[in-house]
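Morning, everyone. Have the sequence and the structure up, please.

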Amino acid sequence: MPSAVAASGSNHALRVQPVIAEAVDLLRASFPATLAVETHLAAADAAMTGDPTELQQVVMNLGTNAAQAMNSRGVLEIALDMTEIVEAQALSHGNLPAGRYIRLAVRDTGSGMDQATLERIFEPFFTTKPAGHGTGLGLSTVHGIVAAHRGAVDVKSQLGQGTTFEIYFPQIEPASAQADEGEGEATEVPVEYGNAETILVVDDDTPLMQLAEEMLAALGYEPVGFNRSPAALNAFSADPGRFDLVLTDEVMPDMTGVELSGKLHEIRSDLPIVLMTGYGRTLRSRQLTAAGISEVIKKPLLSASVAQCLARHLHSS
Ligand SMILES: Nc1ncnc2c1ncn2[C@@H]1O[C@H](COP(=O)(O)OP(=O)(O)OP(=O)(O)O)[C@@H](O)[C@H]1O
Ligand SMILES: [Mg+2]
């Protein structure tokens, strides 16, 4: 699917090992001499479909966290191998369907994490670092990239002992991996990009609203964000034909997402509306239908699921 706006990554078949090895070199260069990096990079011919820059970002973010957890002392281990999953497996954060995978492991002997921290590490802006030391976006970025590559993450951690992150990426036949860049057209990951459709984004949490805007722009859409539902309603009323779809948070002061949706739906009944909710919230389906809500998606938003959701409502038929 062609897109009017350049997408964040270029996906094509690639050999993973050289990409990871280069990222490890970059990491090493950024670490002090007190921290050693031990690598076991097998899977020399293993191939996957992906964006090399994004894969390196995964290694950098995991490696940086590991180094910080170890106070820059000791041995950090980075391993790459291939594995076949015979039966679908439940991982710490998601499910792994049966299949052949490339597995990237980053293991540290640092502080480790307690259960409460482990449960929240992939949330955007979640950090245990002092103010000014971490944005809390490192792992949410990792999660987004892994999901966009149809991969999965497994995290094992023990307080005071250390942490291991294992990332699984679906493997493809090595023969299809190009050594040179830019010829991956036949092997593109089927992410559906936008055609510059205008998306009204409403979230009272301004950083989250901006994050959604960035994600939509990277997917080829034109986001227009508001952090107050009345302001969003005003903008919509002023020019109802301007917007192709609405993505709104539910819990907001002034006017909830469902209330806002009902008003937008009254003005334009053909408008697709997607409601974002946090975990554990239940909404009655009759209430959703009445407000013209086409679909409910869970926060935190993942780029791949947002891409699929929007494509379903904008590009079907
Ligand atoms: N290897 C690790 N060992 C122990 N805790 C970790 C590890 N990796 C992540 N964490 C925990 O997860 C939190 C979130 O990590 P994330 O990378 O998203 O943000 P951050 O490192 O705090 O900030 P930033 O990445 O923006 O510098 C960290 O603050 C830390 O509590
Ligand atoms: Mg980090």
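Start with β8 and strand β9, residues 162-170: they run antiparallel, joined by 7 bridges. Strands pair here if DSSP finds at least two bridges between them. D154 stands opposite E166 in β9.

A word on the source. This is a predicted model: local features need pLDDT of at least 70, side-chain atom pairs count only at pLDDT 80 or more, and totals for chains, interfaces and linings use all residues. Residues are numbered from 1 along each chain as its sequence is written, chains are lettered from A and ligands numbered from 1 in the order written, and side-chain values use heavy atoms, with hydrogens and water left out.

Helices (H or I, at least four residues) and strands (E, at least two) are DSSP runs, numbered from the N terminus.

Now the sheet. It is open, with 5 strands in the order β2-β4-β7-β9-β8 and mixed pairing. β2 (35-41) and β8 (152-158) are the edge strands, each pairing on one side only.

Next, β10 and β11. They run parallel, with 5 bridges. V201 has G225 in β11 as its bridge partner.

Last, helix α6, residues 229-238. Which of its residues are buried? S229, A232, L233, A235 and F236; buried means under 20% relative accessible area, exposed over 50%, partly exposed in between (1.4 Å probe, protein chains only). Why the same side of α6? Because they cover an arc of only 165° around the axis, taken from the directions from the helix axis to the C-beta atoms. The face turned away carries exposed N234 and A238.
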